[in-house]
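Please open the structure in a viewer and follow the stops below in order. Each stop says what to select and what is found there.

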Amino acid sequence: KTVVGTEILKRGSLSHAGYTIQENQHVIVEDFATETRCTLPEIGKRHGVRSGLSVPMVRDQEVIGAMLVQSKEPRTFTEAEATLLQVIANQTALALSSAQRYQALERSTAHLRSLYDAFASAIRDPNIEEAEILSGVLRHAVGSVTPAQKLKVALGSIQRYDPETGAWKFAAFYSEPEIAEA
């Protein structure tokens, strides 16, 4: 059975994962019934966990999480198992980092593409107004950012500050067509 979701642990509660992160090393728990260093979260209790092995997930010498393997029977995990789980956890942390960097690059690329498209159209038409250029940039920016977030409402604005008056002026405003019609 696969369990995916979120269980939020209270700050200061020293769960198996929390203790692993605090110590920055693997932690073997032979039996949670007698364990004194850390506690078993409710989700573990509900699933009948009795023992566990946890390792820190390390990326660029920073602990970003913990990976745990648990058993419903009291068990002594070996150092070889801890080493293997550490390698898997570190590779997972590296993969997460790569995925995050890729997503950031994709967002940056989409942003640059929208700027290019907007300014390319301005160059082709010398009569185009600044507001039209900014509206085009904004439309592309909203379209680039919101699909990744799966937002139902997508709008944006460009506001310019006038230091002489101390006022903000809307230079461009964009809303998805379905919002504008509502």
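**A tour by selection**

Begin with Arg37, which is partly exposed at 34% relative accessibility. The model on screen is a predicted one. Glu35 has a relative accessible area of 18%, under the 20% cut-off, so Glu35 counts as buried.

**Other salt bridges**

The whole structure holds five salt bridges. For one of them, select Arg50 and Asp31, whose closest N and O atoms are 2.7 Å apart. Arg50 sits in the loop between helix H2 (42–46) and E2, while Asp31 sits in the loop between E1 and H2, so this pair ties together parts that are 19 residues apart in sequence. Arg50 is partly exposed, with a relative accessible area of 31%, whereas Asp31 counts as buried at 16%.

Next, select Glu42 and Lys45. Their salt bridge has its closest N and O atoms 3.5 Å apart. Both residues belong to helix H2 and are three residues apart, about one turn of the helix. Glu42 is partly exposed, with a relative accessible area of 45%.

**The sheet**

Now show the strands as a cartoon. Three of them form an open sheet in the order E1-E2-E3, with antiparallel pairing. Strands E1 (27–29) and E3 (62–71) are at the edges, each with a single partner strand, so one side of each has no neighbour in the sheet. From one strand to the next, the twist averages 20 degrees.

Select E1 together with strand E2 (residues 51–59): they pair in the antiparallel sense over three bridges. Which residue of E2 is the bridge partner of Ile28? The partner is Leu53.

**Helix H1 on the sheet**

Within H1, pick out His16, Tyr19 and Thr20, which are buried. These three cover an arc of only 100 degrees around the axis, which puts them on the same side of H1. The buried residues of H1 pack against E1, E2 and E3. Step past the end of the helix to Asn24, which follows H1 and has a positive phi, near 55 degrees.

In soluble globular proteins, nonpolar side chains tend to be buried together. To see the largest nonpolar core here, select its 10 residues: Ile28, Leu53, Val55, Met57, Met67, Phe77, Ala82, Leu85, Ala89 and Ala93. E2 and helix H3 (79–124) each supply at least two residues of this core. Which element gives the largest share of this core? H3 does, with four residues.

Another core, of seven residues, lies apart from this one, with Tyr19, Val27, Phe32 and Cys38 among them. Tyr19 has been selected already, as one of the buried residues of H1.

**Last stop: Leu53**

Return to Leu53, the bridge partner of Ile28 and a member of the largest nonpolar core. Leaving aside neighbours within four places in sequence, Leu53 is in contact with residues including His16, His26, Val27, Ile28 and Met67. Other contacts of Leu53 include Leu68, Val69, Phe77, Glu81, Ala82 and Leu85.

Definitions and conventions:
Residues numbered from 1 in each chain as written. Predicted model: local features only at pLDDT ≥ 70, side-chain atom pairs only at ≥ 80, totals over all residues. Heavy atoms only, no water. Pairing = 2+ DSSP bridges. Axes fitted to C-alpha atoms, helices over the stretch in contact; angles between N-to-C directions. Buried < 20%, exposed > 50% of the residue type's maximum accessible area, 1.4 Å probe, protein only. Arc of directions from axis to C-beta. Contact = heavy atoms within 4.5 Å. Salt bridge = Lys/Arg side-chain N within 4 Å of Asp/Glu carboxyl O. Core = buried A, V, L, I, M, F, W, Y, C linked by side-chain atoms within 4.5 Å.
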